[in-house]
Amino acid sequence: ERTVQLGYHPVGGDVLVVASNFGGKNHPAWSHNLDANPDCAIRIGAKDRKAVATRLSDDEKAAVWPKIERTIPQMKTYKTRTTRNIKVYRLSEA
C-alpha cells in the first residue's frame with residue numbers, strides 16, 4: 001500500500017483525481033497502480049472509505065476539465081508543462 005495526498009474535485013459522492021505529476025513528462029507512479037488494480041482507499045477529512053478507480057475517457061475528461069481547473073487551479077499550469085495525455089480517475093465508493 002502507498003499513501004499519496006492529492007487534490008480532488010467532488011462529483012456527487014465520487015471524487016476526481018488528476019495524475020498530473022506537476023506537469024512532468026511521466027505519469028505519477030500511483031496512476032500505474034490504479035491502472036493495475038483499481039481497488040483503493042480514500043480519506044477525506046476524518047472519513048475513510050474503500051473505493052474503485054475508473055479512468056475517464058478523453059471525452060469524459062474534456063467535459064469535466066474546466067470544473068477541475070476551477071477546483072484545482074494549478075492544473076491550468078500543469079497541462080501546459082507536458083504533451084502527455086494527463087489521466088483523470090473517478091473514485092467511487094466500493
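Is H9 buried or exposed? With a relative accessible area of 10%, H9 is buried (buried means under 20% relative accessible area, exposed over 50% and partly exposed in between, with a 1.4 Å probe and protein chains only). The model is a predicted one, in which local features need pLDDT of at least 70 and side-chain atom pairs count only at pLDDT 80 or more, while totals for chains, interfaces and linings use all residues. Residues are numbered from 1 along each chain as its sequence is written, and side-chain values use heavy atoms, with hydrogens and water left out.

H9 belongs to strand β1, residues 9–11 (helices, H or I of at least four residues, and strands, E of at least two, are DSSP runs numbered from the N terminus). Its side chain makes a polar contact with the side chain of T71 at 2.6 Å. Here a polar contact is a pair of N or O atoms within 3.5 Å; within protein, one must be able to donate a hydrogen and the other to accept it, and residues adjacent in sequence count only if both atoms are side-chain atoms. Setting aside neighbours within four places in sequence, H9 is in contact (heavy atoms within 4.5 Å) with D14, V15, L16, K67, I68, T71 and I72.

One of these partners, D14, leads on to the charged pairs. Side chains of opposite charge can pair when their charged atoms come close. The structure holds five salt bridges (a side-chain nitrogen of Lys or Arg within 4 Å of a carboxyl oxygen of Asp or Glu). Among them, R90 and D14 meet at 3.2 Å, N to O. Because R90 lies in strand β5 (residues 87–93) and D14 in strand β2, this pair ties together parts that are 76 residues apart in sequence. D14 is buried, at 18% relative accessible area, whereas R90 is partly exposed, at 26%.

A further salt bridge joins E93 to R49, with the closest N and O atoms 3.5 Å apart. This pair, too, links distant parts of the chain, E93 being in strand β5 and R49 in strand β4, 44 residues apart. R49 counts as buried at 14% relative accessibility, and E93 as partly exposed at 48%. The side chains of D48 and R43 also form a salt bridge, at 2.6 Å, N to O. In this pair, D48 is partly exposed with a relative accessible area of 48%, and R43 is exposed at 60%.

A pocket, on a 1 Å grid over the protein atoms alone, is an open set of points where a 1.4 Å probe fits, with protein on both sides within 12 Å along at least five of seven lines; lining residues have an atom within 4 Å of a point. Grid points are joined across faces, edges and corners, and a volume is the space filled by probe spheres set on the points. The largest pocket is lined by 23 residues, with R2, V4, C40, A41 and I42 nearest its centre. Elements giving two or more residues to this lining are β2 (14–19), α1 (29–36), β3 (39–44) and β4 (47–55). Strand β3 supplies the largest share, six residues. By class, the lining of the largest pocket divides into twelve nonpolar, four polar and seven charged residues (Ala, Val, Leu, Ile, Met, Phe, Trp, Tyr, Cys and Pro count as nonpolar, Asp, Glu, Lys and Arg as charged, and the others, Gly among them, as polar).

The second largest pocket has a volume of about 250 Å³. Of its 14 lining residues, Q5, L6, G7, S20 and F22 are the closest to its centre. The lining of the second largest pocket has nine nonpolar and five polar residues, and no charged ones.
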